[in-house]
Amino acid sequence: MKTLYVIRHAKSSWDFPQLSDIERPLNDRGNRDAPMMGKRLRDRGIFPDCLVSSSALRARQTSAKIAAEIGFPEQSIIFRQGVYEAGVLSLLKEIEALPEDAASAFLVGHNPGLTDLVEYLTGDYIGNLPTCGSACIEMDIDEWTLAGRGMGRLIFLDYPKKIPA
């Protein structure tokens, strides 16, 4: 059994037009939501064996804030350029590259690729994975290389706006 947590980066800032897209940081809401969602994952008892993140600044910041809340060592986060602006096929390659001894993994990245990935793996229509949203997918497989269309079961979908104010 493998469990994949697909996590979209928290809300990013558009306040710095001189920055390239990959350099955009989190905004105030993103800086608030990422630790909050990390706490929600911690409260569910979730601790991944592996955490892979896009190399974009907003994804790196989201990963670090979530890792801090769940007690995952920040220096163990794997940053991959291939997750940035990736579609389903590229994301599947990133999943296939996960360590085989990892039973669970976080994959932190971007839309529309992550929404498409959740729908591809589970066959469930979610429409949109909101910023800082997480989708837990269980797959009855022994190797990450076997992840594919319809192989997963959506266990939960959580995001900041689900949390009562």
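A: Arginine 8 stands opposite glycine 109, a residue of strand 4. The model is a predicted one, in which local features need pLDDT of at least 70, side-chain atom pairs count only at pLDDT 80 or more, and totals for chains, interfaces and linings use all residues. Residues are numbered from 1 along each chain as its sequence is written, and side-chain values use heavy atoms, with hydrogens and water left out.

Strands here are DSSP runs of E with at least two residues, helices are runs of H or I with at least four residues, and both are numbered from the N terminus. Two strands pair if DSSP finds at least two bridges between them. Strand 4 pairs with strand 1 (residues 2-8) in the parallel sense, over six bridges. Strand 2 (residues 50-54) also runs parallel to strand 4, and four bridges join them. Within strand 4, alanine 105 is the bridge partner of cysteine 50.

Buried means under 20% relative accessible area, with a 1.4 Å probe and protein chains only. Six of the six residues of strand 4 (residues 104-109) are buried, so the strand is largely enclosed by the rest of the structure. Ser104, Phe106 and Val108 point one way, Ala105, Leu107 and Gly109 the other way, and all are buried.

Strand 4 also bears on helix 2. The buried residues of helix 2 include Ala59, Ile66 and Ile70. Strand 4 is among the elements that cover the buried residues of helix 2, as are strand 1, helix 1 (28-43) and strand 2.

Methods: Buried means under 20% relative accessible area, exposed over 50%, partly exposed in between (1.4 Å probe, protein chains only). Contact means heavy atoms within 4.5 Å.
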